[in-house]
Amino acid sequence: MSTVLPPRLRDDCFAMPQGVAWVPVDEALGLLRDRLTPIVRQLTAKPEVGQVLAGDVHARRSNPPRPNSAVDGYGFAFAATGQGVQRLPLVDGRAAAGQPFEGAVPAGQAVRILTGAILPEGVDTVVLEEDTALDGATVVFDGPVKPRANTRKAGEDVVEGALALPKGHRLRAPDLALLSALGVAEVPVYAPLRVGVLSTGDEIIGDPATRAEPHQIYDANRPMLLALARGWGFDAVDLGHAPDDAEQIAARLDHAADAVDVVLTSGGASAGDEDHVSRLLRERGNLTSWRIALKPGRPLALAMWRGVPVFGLPGNPVAALVCALVFGRPALSLMSGAGWVTPQGFTAPAAFTKSKKPGRREYLRAQLGPEGAEVFKSEGSGRISGLSWATGLVELPDGALEVTPGTLVTFYPYAAFGMQ
Ligand code: AMP
Ligand code: MG
């Protein structure tokens, strides 16, 4: 069963205050964060990696469910032991993991016990096998021992009924271990966000297996954006490629409005003659063009098409990637129910020189080398090879900055953006 979660986004959710010219990156992020809401359906499913929890999940059983032994050794009642050499007669039988000892161990006696075995009645303390000697059917060790030594308390990890994982958490391999240990077979999850990806441009050829004329180029953005969306755990839906023709783009968006939760387009997002995406969205989709103080990037077209948010990314593949990582990822994550995400970068010495102008944030394709963060030889935003050369991005702040070798800069590995 699935239910649509209200509220949908309002049609004017991307509106900018009057007179805003260049929006700083952080302000643009803040606006997206405020105005977007989760738009996903909820269902019940067996836990899988990548799913986002649609509700808090509580332990159905304690871990461990009963007190048990943390080591191989001998178990007994602490109260019957003392200082000096201890000699405890062994009872018949043993306690092993999955094979509990039936019956009670009398005070002053001991039982052979193995790791993971639940403590038999009468046992609260275990002595490590290596610290003992056997004298016939008697175990011998030095006292005093600590009460409850080498044992695990019931529920010392998680108590039955306690919060195991919170709503909005995205499941990873260790979470599957936790849920299984706590007896949780099914969890409330959000259906994966359906992310449609559309390329636009008369020059674009969709399939590199087909012949391209000299004036044509193969579509670089669509495979990249589809793969990003998939890697982020979403349902990536290929909406193909449309020429610079309003009716054809509109037809694709109409189809998308029925099939996906959010659309990423690339190309045609500026305000030029051939920028059919922004023109169409302005006329029919409540477009707001955010001129973001960002290099590479700048125009980000945001609109609602029949109730579905459309992110119009720049056509240049470098700018398309940067905008997708910086804006698309947190926005989509929020819409998916997993909450806003902020990438975690770290400080590294620059291994380059650059005189950065004030007034916009810059992201440079970068790699970590022995001297620090190295940047790609060209900042040209059509240089797709630089994206592959890089292992991450260097972020230069909005203000002016003279970077010389050794200047500390912020490096975000691609992985910080959830890129695989
Ligand atoms: P536009 O934003 O449409 O003006 O495109 C800016 C630049 O990016 C132009 O050089 C386009 O040819 C190029 N471009 C647009 N879309 C793609 C795409 N899907 N793959 C590769 N390059 C593209
Ligand atoms: Mg174009």
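This is a predicted model: local features need pLDDT of at least 70, side-chain atom pairs count only at pLDDT 80 or more; totals for chains, interfaces and linings use all residues.
Residues are numbered from 1 along each chain as its sequence is written, and ligands are numbered from 1 in the order in which they are written. Local features need pLDDT of at least 70, side-chain atom pairs count only at pLDDT 80 or more, and totals for linings use all residues; side-chain values use heavy atoms, without hydrogens and water.

**View 1. The largest pocket.** Its volume is about 430 Å³. The lining has 17 residues. R170, G231, W232, R329 and G418 lie nearest the centre. A pocket is an open set of 1 Å grid points where a 1.4 Å probe fits, with protein on both sides within 12 Å along at least five of seven lines; lining residues have an atom within 4 Å of a point.

**View 2. The second largest pocket.** This pocket holds about 270 Å³ of space. Its lining numbers 21 residues, with E203, I204, I217, N221 and G315 nearest the centre. Strands β15 (194-200) and β17 (217-218) each give two or more residues to this lining. Strands are DSSP runs (E, at least two residues).

**View 3. Ligand 1 in its pocket.** Ligand 1 sits in the second largest pocket (more than half of its atoms lie within 2 Å of the grid points). Around the ligand are 14 residues (a heavy atom within 4 Å); E203, D219, A220, G268 and G315 come nearest.

**View 4. Polar contacts of ligand 1.** These are pairs of N or O atoms within 3.5 Å. The side chain of D219 places an N or O atom 2.8 Å from a ligand nitrogen. A polar side-chain atom of N221 is 3.4 Å from a nitrogen atom of ligand 1. A backbone N or O atom of N316 lies 3.2 Å from a ligand oxygen.

Conventions. Grid points are joined across faces, edges and corners, and a volume is the space filled by probe spheres set on the points. Helices (H or I, at least four residues) and strands (E, at least two) are DSSP runs, numbered from the N terminus. A polar contact is a pair of N or O atoms within 3.5 Å; within protein, one must be able to donate a hydrogen and the other to accept it, and residues adjacent in sequence count only if both atoms are side-chain atoms.
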